[in-house]
Structures are given as structure tokens and as C-alpha cells.
Amino acid sequence: MFIERAHSWKKLGVQCILLALPTIFFAFVVLLKLNANYVILQNQWIYQGVYFSLGILLSLIFYSWRFRFISTALMLALFYYIGYQILKQIAVGEFDMFFFSVQYLIFIFIFSIGWLVGFGFSRWRFFTVIWVLFLLAIEIIIISKITTVTAGAIALGFIPVLLYTFYIIYASELIRNLNEHQSSFRWYLTKRVCGFFGVVILIFAVIFYVFRKDFTAIETAWKKVESHYNNEKSNSQRMTKVNRDGTISNTGKMPLSGSLSKTKQLVFVAHLNNFFADGTTQNPLYFTADYYTKFDSVTQTFATDTTRPFNDLFSPDPSQISLFFTKSDSNAIKNSLATLNRKVVETDVYKVALSPKDYLAPSTAFSIQPISVPYEYASQYSSAYHAKMWVSSLNSAYFVYNPAGNTMLEDFQKTRYDILRQDSGYNGVDSAFLAYYTQMPQGKSYQRIIDLADTITSGDSTTIDKMLAIRDYFLSKDEFGQPLFQYTDNPGEPGLPGANKLDYFLFTNRRGYCAYYAGATLFMLRALHIPSRIATGFLTVDRSSKNPGWYWFYEDQAHAWVQVFFKGYGWIDFDTTIPDVNTQQAPQPDGTPPLGSQKVAFVGDGTILKVDTLKKQILLSVEKILYKDRSFTTAQNPDMRLSVAFAKVFADTGAINLTDLEQGMHITAASYDEKLSHLDFQKAADTAVNILSRLPQPVSIDEIKIIKEAKVVTPNKNSVRSYLHGFDWLTILISLAVIALVIMIIIILLPWLIWRFFNFRARKNLHFKQRAILYLLNQMGYPRDFHSPEDFAQQIDRQFGTHLSLFTKVYQKEKYSHTPPGRQEITEAAATYKPFVQAVKAHIPWKRRVVLFLNFYHPLHFFIKNH
Amino acid sequence: MENEMSNIEQNVLATSGSVQNIEKLTQNIEQVIKGKTKQIRLILTALIAGGHILMEDNPGTGKTVMAKTLAKSITGGENGQAIFKRIQFTPDLLPMDLIGSYIFDEANRDFVFKKGPLFCNVLLADEINRASPKVQSALLECMAEKQITVGETTFPLEALFFTMATQNPIEMEGTYPLPAAQLDRFYIKIHFGYVDDDTELEIYKEYLDIQQNQQDIQQVLSINEILELQKAAEKVYIHEELLSAVRNIISATRNNDEIILGASTRSGISFIKCLKAYALINGRDYVTENDLQILTHPVLDHRILYRNKEARAKLLYQILDAEMDRLSKLNLTRKHQ
């Protein structure tokens, strides 16, 4: 049997060099990148590249004969099978077999791709298009894995694949139309390929040069939003969010996601004066930022209910409150409805990375007073506040476990459970309140949770016993003595998108982080009609430091837990998240607490009228003052001179320079000068003006805090977009569109513009008239082509009734004869030009002329003879 | 310079009468051969350029009539008319059948040379490719040298010796294709071709008149006048750019991968001669690009050996078109006084 060749050896060589080699090179690069991202490939990109090369080269050679694809592909499959059987014979042991078969599968897969590509290049005309689409898809996947976006990384990701794409399409067409019998075909190919690269590189270079600012803008824009992006990356979640200014806040929502990312950043330091009955043992309390009552079952996300029908949160913006002035609002927490075992606890919070706008305190806080950071700690802490809250004496961060052997704590737990067991249930509680805090989503999967809750708490009657039963369930062990539930930051996702993740957590996976435990607990409690909610904030870790009452809060302490409502006691924290037994947390080094706050003698708050930089004095228009812990507000806005020579100036973000003070700024100036507190004044008649008039002016000021006026900020749901707004895609798109439009118009109009130019030039002499005539006729669909000038002129004359023959004759004489034609002759010939143009126009209707002038092929044909 | 200029003008003036006669000759022939103006002009071009013509076409397209009419239109031969001879070439034809031979004269007891058909003014060599190469080369030698050497005697041919050879386009059995070197001797090769449908109908309608016309051909041009025209043609002005155009075309045929054998320098000279003759026929004393366009194919096509049919179909057109394009863009406008 003789099989004919589909391609000559020469053509095969060209295919190998021009198609296969670049493809192999590119495949190596792609495989390298894929290996970096996918573990299954086992980082053997060189081997895989070789498999691919083998596939493509063998296939190219094989299919240069006229073999049919399907039959040969079946043969190949047979070979694969035989190879597998042989491997099976050779392989010793199960592990080897597994290892080999994975390797062999990868080999088969990659070799087959190579084989298919080889066939495509050899025989399948439109294969290159499919192939480059495939490569582009892979490249997009690879690029999506880029974690640090830089202009360079994007360019490096995209340019090679674009270059390859264009090249391979061009080269495959070039080879398809190649005449290998042409004697100089090597030179021809070299010329074409070099020319192609020249043009492409030129175009890319020009684009890069013109748009280089935009490319770098991508980088800067990315740097701004990178943290947001990583936060919102589909399968990773943080309990905190990073703000624009780099500070940290709690997120307003808590999706149940596949993994949790944490950092070791110090967020804030707090002093909490809550101790157990013995007065020395610390009773840490969780610091609450917000609470979630809403659950979106579609996205499986817990979120703040923006309507908050039973608002129970005092959430001031510390950055908007003047230094040392107190803001309190116990009305905000009226829904805590706590009357029993209640005490007031105070805390001082010193912010490190925490956003200046955030207010964190153990629930349920009702008062805030911004305080100054002692000067020696000014570089560590940006701002600080003092907060007061009502705390149930039954509340504690200790729930799941107690410090080992601490009998006092165990007694406390026992006592508080006993007190809570006396609880009379929820009779007499507002039914709307109860309904709000016990609602849960409907559905089969949630019914399973309800059933589970019923099973777990079957023997318990009181709320606290049910709570303890749920806790014990999470801590229970299975039939093998292994913990039923485990803590992990990476619980993974259920296979089914949109599945009930809590159901998955409770019944299948049993691994999760705080959001899972809190969410599962919440729904079990609500299933039992116990009013509860998820609180979010920071876990307080008692590290028994040498500074009692001081706690350090790191980013990985961001936490979510359950608060249960007890009638008369209000909301009590219960944390059912089980400890992480696998990763032992290294104890965080606690620093020195910012002690040494001075007693403030006088505080003035107002607007700067004048700044005297020479004398270092400020003229302040006073709005309110604080004197001897009493605040006075004045409507008269008296002026007051301040000496700021020794003052430290702070903004929300930390210490700044004195020179940054400007006229019109709203500041709070504090003085620690003890002399000021010894002034005599009649308490009854005291007003701000009175006190000011008695102060020795200028008042020596020790600390100034700038209050930035609150801007009306609409909550930005998608802050990423707002950043990208600075990098104006729309403008770029529009300008690109406009440029494209202008170019299009020019291209469309070009034939006509050329005609105008020719027509204008035709005034000069016969030669340019002839050019204009030829151009016009060509554009109107009468190219001269192979007609001799005189034949052509005669034809045209017959067509349009013109005198082109006469013109041509004189023109030729003028051009080539030894004796030029007479003046009169030339004038006569020249005179035929205008009537000629008019005759042509008269013969072709203007609509047709417009269409003909739009034809860009005609001028191309005129200037570049392409027969 | 001034002198030279007037000289040329004088020449043109002198030949202008004969140029009008050429017009008459054309009209004469057109009375008999319908719808072949272009071919007639090309034949006359070859005649005036002092060359020969090869007509490639099927039998019955009017080649013989054309030759006869041409001969009849010329005066000044032995019978007051140009001598017209026709030889039908066959494989068994011998050179002496063309040239003539020594015959023993009984009366003078000596060998006398009996002139063959080559001693004429207009020769129609029918189916030239059917003769053996020996005969072909004998004919072609005469065409080039315009003389015949038999033994020791050299016999000059007539001053006006114009060969019109025909050959069949289809490769038939028993033909000896002319080698490229011999084809080169023909200044022009034309395809006679069939006339278009309208003309054909006209011929059928008026064939009696045409036959009558053939009988009544008037003699419009003398041999001397033709010889003078040949001399005048030599003096026709050809612009340097056109000369370089000829040079470019010729060299382009040599530097092309699709062409095995390009045009020779001799063909370049023939080309220029034909250009000049054609210009003269058209009543001009200068060559134009129009002439170049019309003559390139008839003059060069048969001298080029192409690699394949595709190349034959388009290559020369491309070469010519590139050159025509260059000329068309060339601004040779002179400053007028």
C-alpha cells in the first residue's frame, strides 16, 4: 500500500520550524506557569514540555502523509492502553502503581494535546483559531492567579500569548499558501516572518509608549485596592477589613467561606477594669463592634440588619468627638433590658491599627470620652478613648474552658449557671422582640438543624442548660474517641454551590472557624426559640500579664460569637467556638501599657481664627470648654489666646507637626497646667465666658487634637469600584472609541480626500491632470489595468462622451516627443479636463459615486498594483 | 541641436506622404480582412521595422488572404506588383525546395541557378513548424541575412523581403516546434484569432463583396516607399525613459524565477525597432507609452521560455504593468517657453 504525502518534506520542515518550535517554546512557558499553580502537575514542567514536543513533532511528521485522523487516533488510544498494561506489569506495589498511573495519565493527556495540535497544524485549516482560544483561556486562568498585580506582571502574562496568537495564525496561513517550488522560498519566508515581527513589535511598542501611564496607573490603582481584593477574593475571608488609610475595622458582614485569613497585626490595646468578686482575678470580656441579626441564605452570609428594629448598640464615631469631652447615650441600649446583676465597667482603648472611626467596647456600652495618648507612646498609638458600659456580672469571656485548676473560676461558672437556671423564661418579653431574635430561614436543610437542636437538648429545660448542651455537643467525641468537631481556618466549601453551609458544617464536614460555630449555635438556639444574635468584635485573651486589666488585641483575635438574651440579665456572651488543637498559638508578646496619662486641667474646643507662627500663639474662637471635669458650652464664641510653644498636635492618625495647623480648623486644646485648676470661681454663676475671663492669657497648651469635620459619606458598598474610579476606565474607553471613530472616518473618507488632493494638483499641468483622471476613473470602477492608454481613452470616451483621447494624445506627445506640442494644443487638452470630470460625474449618479468613493479597495488597487 | 531638430522634422515631412499611404494600405486590407485592425497594424509594424512576423492560429482565420492582399497592395515588383510566394511546409520539404537549385542547362551545357520561392517580396510560410529543423533553419538564415549562399555564390534576396510564417497552436504529431533561438528571429508573433460574432456575421453577409474586393485591391504603396519608411522609422524619436522602460522589461524577464529563459538583447533591439515602426504607422515621430503597452506582448512573449502556463498567462502582464505604472507616474513636463 502506498500512502501519498500530504506535505512535502520541505513544507514539513517549514512547519516544524515556524509552527512547532514557537508552540513548543510557548507550551513550556505555559506548563511552567500551570505547574506553579496546580499541585497535581507535580512540578515536572520540563518532562511535560518534552511530552508535548514529542506529541506535536511526531504528529506533524506522521500526518505529513495522508493518514486519516479518526483511525489513527484510535490506534494511538490502543497504544496508550498497551503502554498502560506494560506499566502495570513492571510496577511493583500499589503505591508505585498509583504514582505511575498519575504520571502516565499526565503523559497521555499532554502528549495527546501535542498530537492533536500537530494534526491541527498539519491538516486542519481553522485549527489555529481554536488552539489560540484554548491558550487564551488557559492564560486568563493563569493571570487570575496573580496575587500582586503590577503592570509588568499583566504585560508579561498577556503579551507573549497575544504575540503567539497573532504569530501562529499568520504563520499557519503563510505556510498554507506557501509555494515551496519557488526557488527563493527560504528568503521569502524569512522576509515575511521578520516583517511580521517587526510590525507587531512596532505596534506593541507604540501602544505601550502611548499608554504607559495607564499601565502604571493599573499598578497604582491595584496597590490601593489590593487588600480589598484579597479580602473579597471568592474563597477567602477575613474577620476584619482594611480601610483606605490602612487602618482596620470590623466587616459589616460575615460570609461562611472556605477559608479564613488572619494576620498578626496589633489592632488595639485596652485596659478593662472588670474583675471577679475577689477583686484581683481578671474577668475578660469580649469587645463587641457590632452584632448580626440577618442571614442571607443565598450567599450564606451573616450581616448587620441596617434597619435594626431593636437597636441595642451605642456606636459613636470617636474621631468626631472633641478630646476629653464625653458623649453618652444610654437610650441607645434600652433594648438590652437588663436590670439584674448589672454593674458599670470602664475601659480605656488605645488604638494601633484600629480605624479612628471605630468604637469597640464590651457590650453594652453607653459612653465615650476621647482621651489623649501619653506623649511617650504617641508614636505607637494613634488615638485613645475611655468608655463606660453596663455589664452583667454574669458575663465573662470564659465559657468553653477555664484556666486549668482555677477553682475560683469554676465556682464562678457554677454560680452563674445556677443564677441563670432560676431564669423564668421569656414570659412578659415583647413578642415582637422575641420574634425578631428567633427568626430563622425555612427549608429542609434548616429543619435538620432544628431536629439536631431538639435531639441535643432533649433532656434540658432551661435556656442555660440548652446552651451548655450545645456547647458540649461541639466538644463531644465520636465513637472512636476522636473529637467530633475540629477548628480550622480552611474548612473548604461544600461541593454543591449555594448549598447550606451550616448544614454541611454540622453534618458532613464538622470543621470550621468561629463564624461556623457561632452560626450553627445561633440557629440551634433559635430553633429552640431562644432569642439570640451573633456578636462580632475581638476575642479578649487573658494572658495573665504582669499588668492586670490590660489586654492586647491582634488581628487574628477578630471573632464572632453568640449572645443570648436572658430576661432581666440582658445579652450574655457565649462562645461555642472550640479551641484550635492543631496549631498552638505562640503567645503574643504583650508590650508596655500606655500608662501615665496626666490629669487634664483645662480643655478648650473651637475654631482657629489666627495662627501666629512667630510667637507660637493661636487665637481660638471657643465653642465649649472643659474645666474641672465640667463642660460648658457657649453660644457667644469668645476669643481666647493659646500659647502652643510646647503643644503636641495630634490628628486621628497620630502626631503631626505644629505647622500643619491652619486657620479655620476645628481643634481641641488641652492644658495640663496645674496652676489653672487653682482658680477661684463661684460655682453657681459659672459660665464659659466667666471662666475664660479669669484664665491667664495666653493659656499654655500641652496638647492639640484636630477634629476633622465629618463628611457626609454615603456608605460605599463596593469600595473597589470607587478606587478604580480614579483610574477612569470609562474615559479611556470613550477616548479609544473616539480615536477609533476618527481613524475610521479618515479611512472611509481617504479615497475622497485623495481625489480632492489629485484634483487640486491637477491645476498644475497635463501630467497631474492625467493622474487625476486615472484616479477618478479607477475610483469609479474603471481601472486602466492592461489597456493601453489610447485604447483606454477611446473606451472611456465611448462610455462618457468625453475627449480623453485628445487629451491622452497631447499628453503623450508632451511627455515623449522630441518636439513638444504647441501652446495652443496644450491649452486645448487642458481645457478638456473640467468637462471630463463633469461628464463622469453626470454619468454616475451621486449616490453611486458616494458608494464608490467609500470603496477603499480602489485606491489600494490604484497605488499598489496587486494582480 | 537646432539643425538636428529640423532634420527630423524634415524626415517626418518627407515620409508623411508615405504614412498616409500606410493608412490607405490598412484600409485596403481591411476591406478584405474584417475586424483585424490591430493585427494588421502589427503586421505592418513588422514590415516597416524590417522584420518578419509569425502568426499562430488555426487554419481558416484569414492568414493567407492577409498575406496575399498585402502583396497585392505593393507595387514595384517584376509585374508591377510585389512578388508573393507561398510555401506549404511539410515534413518532406527540403531546403533546396525553398532556396532553389542548380539545374543543368542543355543549351549552355552549364549549371544555372534556378531561384526558389524565397526570392520574393512577401513570403507566406504556411505551417512552418511542420517542416524539418533543417528547412526551418535554412529559412530562418535567409530571414536574418537577407541573402542565400549556394555553393560559392551568394545571391542577395529582394530588397524588401518580408516573411509571414504561420504555425498551428496545438501540438500536433509531426511538428517540429521552433527553438527559442529561431523564434527570436521573428520580430512579432501575433495571434490571429477568430473575429467577434458581429464581424463574423458581417463577413457571412458580405462574403461576395469581400471576394470581389480581393480582386480589386488597389496598389497603394511601392516597394521603394516601404524601404523609405523603413529608413524613416529608424529616425523616429524615442525618449530615454522609454528606452529604460524597454531595458527594465527585458531585464525583468531575465530575473524572474518563473521564467527559464528571458528576452535577449537582440530582442530588445527588435523591440525598439518595432516601437519606432509602430509610432510611424500611427503618424507620430515619437514613441509613446501607448506603443510600449501594445507591442510588449507581440514582441516579447514568444521569445520567453516560461516555467508553466500560469506564468505565461500573467507574468509579462505584471512586468509590463509595473513599468507602465512607473511611466504613468513619471512627470516629464517640460518648461514651456
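Predicted model: local features only at pLDDT ≥ 70, side-chain atom pairs only at ≥ 80, totals over all residues.
**Colour by confidence**

Begin by colouring both chains by pLDDT. Chain A has a mean pLDDT of 80, with 87% of its residues at 70 or more. Chain B averages 83, and 92% of its residues score at least 70. For the complex, the predictor reports an ipTM of 0.84 and a pTM of 0.47.

Next, select residues 712-726 of chain A, where pLDDT stays under 50. The model has 12 contacts beyond four places in sequence for this stretch. Residues 1-8 of chain B also remain under 50, and for them the model has five such contacts. Within chain B, confidence is lowest in helix α1(B), residues 2-32, at a mean of 65. It is highest in helix α10(B), residues 240-254, at 92; that helix is visited again below.

**Annotated segments of chain A**

An unreviewed UniProt entry places the feature "transmembrane region" at several stretches of chain A, among them residues 12-32, 44-62, 193-211 and 729-755. Select residues 44-62 of chain A: this stretch is 95% helix and 0% strand. Its end C-alpha atoms lie 27 Å apart. Then move to residues 193-211 of chain A, which are 95% helix and 0% strand, with 27 Å between the end C-alpha atoms.

**Helices α1 and α5 of chain A**

Show residues 9-37 and 127-144 of chain A, which form helices α1(A) and α5(A). Their axes come within 10 Å and cross at roughly 40°, which means that α1(A) is oblique to α5(A). The crossing is left-handed. To see the contact, display the side chains of V30(A), K33(A), L34(A) and N37(A) in α1(A), together with L135(A), I138(A) and I142(A) in α5(A). By class, these residues comprise five nonpolar, one polar and one charged.

**Helices α11 and α14 of chain A**

Now select residues 444-456 and 514-527 of chain A, helices α11(A) and α14(A). How do these two helices pack? Their axes are 8 Å apart and meet at an angle of about 75°, so α11(A) runs roughly perpendicular to α14(A). On the α11(A) side, pick Y446(A), I449(A), I450(A), L452(A) and A453(A); on the α14(A) side, pick F523(A), M524(A) and A527(A). The contact has eight nonpolar residues, with no polar and no charged ones.

**Helices α10 and α13 of chain B**

Turn to chain B and select α10(B) along with α13(B), residues 309-329. The two pack at an angle of about 155°, their axes 10 Å apart, and α10(B) is therefore roughly antiparallel to α13(B). Viewed as a crossing, α10(B) passes α13(B) in the right-handed sense. From α10(B), the contact draws on E241(B), A245(B), N248(B), I249(B), A252(B) and T253(B). From α13(B), I319(B), L320(B), E323(B) and L327(B) take part. Six of the contact residues are nonpolar, two polar and two charged.

**Where the chains meet**

Finally, display both chains and select the residues in contact across the interface. There are 23 residues of chain A in contact with 25 residues of chain B. On the chain A side, highlight α18 (766-779), α19 (789-800) and α20 (804-816), each of which supplies at least two residues. Which helix of chain A gives the largest share of the side that touches chain B? That helix is α20(A), with five residues. Colouring this side of chain A by residue class gives six nonpolar, 11 polar and six charged residues.

Terms used. Residues numbered from 1 in each chain as written. Chains lettered and ligands numbered in written order. pLDDT = per-residue confidence, 0-100. Helix = DSSP H or I, 4+ residues; strand = E, 2+ residues; numbered from the N terminus. Contact = placed C-beta atoms within 7 Å. Axes fitted to C-alpha atoms, helices over the stretch in contact; angles between N-to-C directions. Parallel < 35°, antiparallel > 145°, perpendicular 65-115°, else oblique. Left-handed = near helix turned anticlockwise from the far one by under 90°. Nonpolar A, V, L, I, M, F, W, Y, C, P; charged D, E, K, R; others polar. UniProt positions renumbered as here; feature names shortened; annotations may be inferred.
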